Amino acid sequence: MEQVFSFIFYIFTFLAVYVEVFFLVTYLERRKDIVVRLDDKPNRVYPSVTVIVPCWNEQTTVQGTVESLLALDYPKDKIKIMLVDDGSTDNTWNVLQQFAHTPNIEVIHKENGGKHTAMNLGIEKATTEMIGCLDADSYVTPSALKRMIPYFDEPGVMAVSPSIIVKDPKRPIEWAQKIEYQLSVYIKKMLGLMNGIHVTPGPFSIYRIEVFQQLGPYREAHKTEDMEIAYRMHEAGMRIEQCHDAQVFTKTPPTAVALYKQRKRWIYGFINNTIDYRRLIFKEKYGAFALFTIPAGVVSIFSAIYLFIFMIYTFVKFITNKFVQFQAVGVHVSTVVQPQQFSWFYVSTQAVFLITVLLYGFVFTSLMIGARMSTGKWKPSFAMVWYIAIYSIIAPLWIMRAVINTVFRRETAWR
Amino acid sequence: MNQNNTTNVEHDTGWSKYLVVFLITLGIFVTIFYVSDVLTKRKLAELNTIQNNISVDLLSAETQYSLLGELDCSQVTSTVLSDQLNDLSKKIEYLENSSGKSDELTQLEKQYSLLEIKDYLLMKEITNRCGQKSVFILYFYTTSDNCSECVKQGYVLTDLRQKYPALRVYSFDYGLNLSAVETLIKIYDIKDTELPALVSDRQVYTGFHSVADIEKLIPKLKATLPK
């Protein structure tokens, strides 16, 4: 039994280390290209852009979202903002009214139909060269759009995503997410360099209008329309880039339960979109997206579940042992902690232990690179340890639930 | 922009990179297994050294014993050897639990069992002759078929050893396949269906016994404690 466990452990950790090495090699190869532009020189061109803000019950955040768009360092006559109220039941519509007379803002109300329908209404009306999306709980930094646009100089680039950052985290769960988002900055950039990005997220992804003209509108796509459109783009051979130095701040779920619901939806979306587009997997013509990103995502789902079960098994074994010890001799200090002099002999030299240490070393290195790309500093923090600890426990829960929902064909809720 | 512009996107990651990364990862894993093997062998070598030291110490003690007719009983020191044997036993058990049984480890365990028997015989003689307050327990267990009572008995004996420093426990793996241990098994007529089994003063106690049970069965244990 133990040997079977160990064998599967080696397979999964080998694949996990493979993915980490892949990112690290890509980073070392291309690190000179990953610069943060401190002097924002004028762009060569300023194509016209429509930014659609789909809103559903966003009364507390949407004002800040719109104000951040109005503060963008981009010619005002080249940018149009469409605020689409998707049948909110709170005060969102009234909040939006204060922008109704702003020259480059259009405020639209529609019956509730889901985020993709709000986006599609905006896309239908758009006449600009580019179309962007901004979730109504996110805020763009002034230079974001200006920094993203030059990526479109490359003709094959059809969409660009920014770096998403958690601003001023307060609760412990928000701190963990801040570290996670910093890690995503690194991972997404590496995937961008490999042309393997599998999602163009709601916070400020910009597309050429041809994407929708050629591929059609957003789809419901298991409530992950921003993922499905990326899959469709890869199928059509369209490139997605990541602009690491364009920053967008987003509001993250403030509680573990809210985070669980959000991630369950994301993982459910990943699993089901991958099933829908399984014809792409391992097809060389779809590049790193089909050969690396999707397989790595699938493996990470299985390995997270497996490692969680492995962790539970080890924990139960430990507790059972302690219980047997308790049954035998009752509670002594030596039952709880066995005091013994430190000896190197008792430091594990098992391959399983050394590989686990190595894996955590890789994760920590990735976190450091992510922090460097997000904040400009190589600075370790306690929050990184906290992130690893809390996500090791809670991430497998939403992953398992998403798998169960897929198996039993249960749709997931938005919030 | 037309469709042609968008479909001929050059994919940046060639097969060679997938292969290179695979070879790097393989190299890392091979290195880890190699390092793990080297370090485990070092631990085994350390155990060998400890065992050699114990052998020398035992031989020395035996020689002292032979000379006892001419020497004072106070010249014979037993606690150091007991600590060394305990340390060795813990380390063998740790390696067995972490790395599993190997031929080298089984060999070490056999040598350890022999040292235990030699120590047992010697200490019994010394105790008789010098009137030391020592109590001896021979403990027979098995690891082969998940003897949960054996695990519990192990905890009890560890606890007892801490409580009574004069207690000397010699544990023997029933399935070790060592003639000296098999002789002990024969002498005390221990059956594999009755494990764990304890032997003290030629009395055999089979099945699990708690701390209180053993204190009751071997009343002289309490007498070993300093007043």
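In chain A, strand E1 (residues 49-55) is joined by seven bridges to strand E2 (residues 79-86), and the two run parallel. The model is a predicted one, and this strand pair belongs to an open sheet of eight strands in chain A, whose order is E3-E2-E1-E4-E7-E6-E8-E5 and whose pairing is mixed.

- Within the parallel pair of E1(A) and E2(A), A:Thr50 stands opposite A:Lys80, the latter belonging to E2(A).
- Strand E8 (residues 239-250) of chain A is largely enclosed by the rest of the structure, because 12 of its 12 residues are buried.

- Helix H4 (residues 115-125) of chain A lies across E1, E2, E3 and strand E4 (130-133) of chain A, and runs at about 145° to E2(A).

**The pair of H6 and H13 in chain A**

- The axes of H6(A) and helix H13 (residues 382-407) of chain A come within 8 Å and cross at roughly 100°, an angle that makes H6(A) roughly perpendicular to H13(A).
- From H6(A) the contact is made by A:Pro172, A:Trp175, A:Ala176, A:Lys178, A:Ile179 and A:Glu180, and from H13(A) by A:Ala383, A:Met384, A:Trp386, A:Tyr387, A:Ile390 and A:Tyr391.
- By residue class, this contact of H6(A) with H13(A) divides into 10 nonpolar, no polar and two charged residues.

**The contact between chains A and B**

- Chain A gives 38 residues to the contact and chain B gives 36 residues.
- On the side of chain A that touches chain B, at least two residues each are supplied by helix H1 (2-30), helix H6 (172-194), helix H7 (209-215), helix H10 (287-329) and helix H12 (351-375) of chain A.
- The most is given by H10(A), with eight residues on the side of chain A that touches chain B.
- The residues on that side of chain A divide into 23 nonpolar, 12 polar and three charged.

**The two domains of chain B**

- Chain B is divided into domain 1 (15-132) and domain 2 (134-227), and the C-alpha centres of these two domains of chain B lie 21 Å apart.
- In the contact between the domains, 12 residues of domain 1 of chain B meet 10 residues of domain 2 of chain B.
- Helix H4 (residues 103-130) of chain B gives the most to the side of domain 1 that touches domain 2, with 10 residues.
- The residues of that side of domain 1 of chain B divide into four nonpolar, four polar and four charged.

**Backbone features**

- Most residues other than glycine have a negative phi, and most peptide bonds are trans.
- A:Phe204 has a positive phi of about 70° although it is not a glycine; A:Phe204 is found in the loop between H6 and strand E7 (206-208) of chain A, and it counts as buried because it has 30 C-beta neighbours inside 10 Å.
- B:Asp201, likewise not a glycine, has a positive phi of about 50°; B:Asp201 lies in the loop between E3 and strand E4 (203-206) of chain B, and with 10 C-beta neighbours inside 10 Å it counts as exposed.
- A cis peptide bond, with omega of about 0°, joins B:Leu195 and B:Pro196, and B:Pro196 lies in the loop between helix H6 (179-188) and strand E3 (197-200) of chain B.

Note on methods:
Residues numbered from 1 in each chain as written. Chains lettered and ligands numbered in written order. Predicted model: local features only at pLDDT ≥ 70, side-chain atom pairs only at ≥ 80, totals over all residues. Contact = placed C-beta atoms within 7 Å. Helix = DSSP H or I, 4+ residues; strand = E, 2+ residues; numbered from the N terminus. Nonpolar A, V, L, I, M, F, W, Y, C, P; charged D, E, K, R; others polar. Domains from an automatic or database assignment. Pairing = 2+ DSSP bridges. Axes fitted to C-alpha atoms, helices over the stretch in contact; angles between N-to-C directions. Buried ≥ 20, exposed ≤ 12 C-beta atoms within 10 Å, placed from the backbone. Parallel < 35°, antiparallel > 145°, perpendicular 65-115°, else oblique.
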